[in-house]
Amino acid sequence: MADTQILTPIDDARLPAPAFGNRLAPLTGFVRQPAVQRALPAIAMTSAIGIAALAWFTMQSAPQAQLFAGLDDSDKSAVAEALQTQGIAHSIDASTGALTVDADKLHQARIALAGQGLPKAAPSGDSLIAALPMGSSRAIEGEALRSAREADLSRTIETIDAVKSARVHIAAAEPSLFVRDDKPSTASVMLTLQNGRSLSDGQVQAIRFLVASSVPGMNADQVSVIDQRGALLSDTASGSDMKAFQLQVQVEDRFRRALDTLLGPMLGAGNYSVEVHADVDMSESQATRESFPKDDRAMTSEQVTRTVSGAGTPSAVGIPGALSNQPPQATTVTANAPTPTPTPTATPGTESNENAARAFEVGREISVTHQPQGQLRRLSVAVALNQGKKALTQADMTKIDSLVKGAIGFDATRGDQVAISQRPFVQIAAEEPAFYDQGWFLPLVKQVGAIFAALLAFLFIGRPLIRAAKARAAARAERDSALEETLLAATDGRPALAGPAAGREITLEMIEQAPSYETRANLVRAFVRQDSARAALVVRQLMQEGARG
């Protein structure tokens with residue numbers, strides 16, 4: 001009964017620790033708990049799976065998308081700072097300097113930046129005009145209007161896919177009172193093209209017409225276009241040789257497409273080859289011809305003047321006598337006799353003069369012939385047919401020749417030529433890329449790498465933890481059995497049985513490592529029975545600490 005009263009104040013918290021200065025003692029005690037020891041295999045497995053998942057997500061990075069193209073360094077810095085504030089991960093490509101974000105966060109990043117007014121784009125023409133101060137001079141207004149027109153033209157040109165950025169400069173002279181002193185307006189366009197992109201001659205010509213149509217009094221020939229490498233693009237677009245070559249290529253492509261449409265369904269793709277050469281006349285001629293048709297005339301006016309004068313007899317005057325009123329003599333008509341031509345008769349002693357002036361309009365024809373550029377002078381077509389296992393007969397070749405001539409509008413007088421031949425085609429094997437260049441190789445490497453990292457984590461982390469947990473469990477079980485044997489020997493007053501606990505002395509460490517409260521209480525009783533003086537000293541020390549504390 002006395003033993004029970006002495007053991008009542010003693011609990012787990014008041015037992016002295018073996019090493020007070022060890023900072024890892026709480027962690028060690030936590031790990032040595034039976035529940036924690038039993039959960040160590042599950043903890044190790046969960047840790048291995050977590051490490052494998054971390055390796056997977058680390059290697060399986062999200063696809064990146066470019067946020068904005070053509071950003072200046074100042075805008076790029078502001079955009080990066082805004083993304084960092086919003087908590088959106090971003091990266092900058094070391095080779096191109098492009099600012100990229102995760103593809104699934106592209107629209108979120110753009111909306112967040114638009115709310116902050118980023119990136120700061122070039123001012124539009126409307127904003128430049130609205131920013132004009134009141135009371136500005138005419139010169140300032142003119143420069144502001146010119147800058148607004150240049151800004152609007154630049155933004156319009158930048159809508160072309162291949163153009164990264166554009167700058168337009170307009171040079172307009174002051175109007176003069178004298179027409180001969182007026183100078184036409186000119187313009188220059190500086191283009192920064194996208195990487196690997198180029199503009200066709202038609203697009204360059206369209207840019208020139210766009211600028212020229214936006215400025216009054218400007219001609220497209222007075223607009224110069226250059227790129228970021230300093231190449232003059234407008235020179236090639238306006239050259240006559242380049243225009244002739246482009247026209248020839250267009251004509252040849254037109255006939256080639258017609259032949260492909262005709263022969264494709266009949267022979268199949270890859271069973272024929274077509275080449276077309278068009279001789280295009282780029283000379284321009286104009287002729288005017290004026291001709292007068294023979295025997296094609298019409299009298300427009302006639303004027304006759306007749307004068308009669310007497311030599312010695314004076315002209316009769318007064319009332320005519322009876323002789324002047326006599327009827328004319330009867331005329332006789334003779335059959336088959338030619339009709340006499342009336343000739344003016346003159347009275348003897350008189351002179352008669354007659355002048356006639358007649359005007360005739362002669363018909364004429366004016367013909368103007370204009371022959372424009374691009375006349376097709378001659379067309380040459382060559383068709384090669386693939387000779388398979390069974391060659392085409394001569395009748396089939398004749399039919400194909402007729403079809404080809406009908407498709408191109410064959411004209412023998414023009415000198416057109418059509419050549420059709422069949423030969424076995426050489427089968428060229430397509431060179432396949434290496435296996436490491438295939439699209440499936442890199443994802444497979446990432447997946448295999450993640451699985452391999454998970455296996456390594458399990459082998460080098462999970463298995464040692466499991467083995468250590470099993471070893472600690474076995475040692476704990478052995479220690480518990482030894483304590484039980486010692487406890488039985490101490491409580492019964494008999495020597496311990498032969499085994500690991502034989503001849504062992506009960507210590508404070510054994511009491512602290514007891515698995516349960518009952519075992520610890522029995523060990524305390526045995527400890528008091530074994531060394532009562534030391535037990536009393538421990539109880540006294542605990543009571544003094546409790547009084548002070």
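Modeller: Start in helix H7 (residues 138-157), where Arg-146 and Glu-150 sit four residues apart, so about one helical turn separates them. An α-helix has 3.6 residues a turn, so residues three or four places apart point the same way. Helices (H or I, at least four residues) and strands (E, at least two) are DSSP runs, numbered from the N terminus.

The model is predicted: local features need pLDDT of at least 70, side-chain atom pairs count only at pLDDT 80 or more, and totals for chains, interfaces and linings use all residues. Residues are numbered from 1 along each chain as its sequence is written, and side-chain values use heavy atoms, with hydrogens and water left out.

Now the bond itself. A salt bridge is a side-chain nitrogen of Lys or Arg within 4 Å of a carboxyl oxygen of Asp or Glu. That rule gives eight salt bridges. Arg-146 and Glu-150 make one of them, with their closest N and O atoms 2.7 Å apart.

How covered are the two ends? Buried means under 20% relative accessible area, exposed over 50%, and partly exposed in between (1.4 Å probe, protein chains only). Arg-146 is partly exposed, because its value is 27%. Glu-150 is buried, at 11%.

Asp-227 and Arg-229 form another salt bridge, where the closest N and O atoms are 3.1 Å apart. Asp-227 is buried, at 2% relative accessibility. Arg-229 is exposed, at 62%.

Next come Arg-377 and Asp-281, whose closest N and O atoms are 3.9 Å apart. Arg-377 is partly exposed, with 42% relative accessibility. Asp-281 is buried, with 14%.

S12 (residues 375-386) pairs with S13 in the parallel sense, over seven bridges. Two strands pair if DSSP finds at least two bridges between them. Within this pairing, Ala-384 has Ser-421 of S13 as its bridge partner. Ser-421 belongs to the uncovered face of S13 (residues 417-423), along with Gln-417, Ala-419 and Arg-423. The covered face holds Val-418, Ile-420 and Gln-422. In a regular strand the side chains alternate between the two faces of the sheet.
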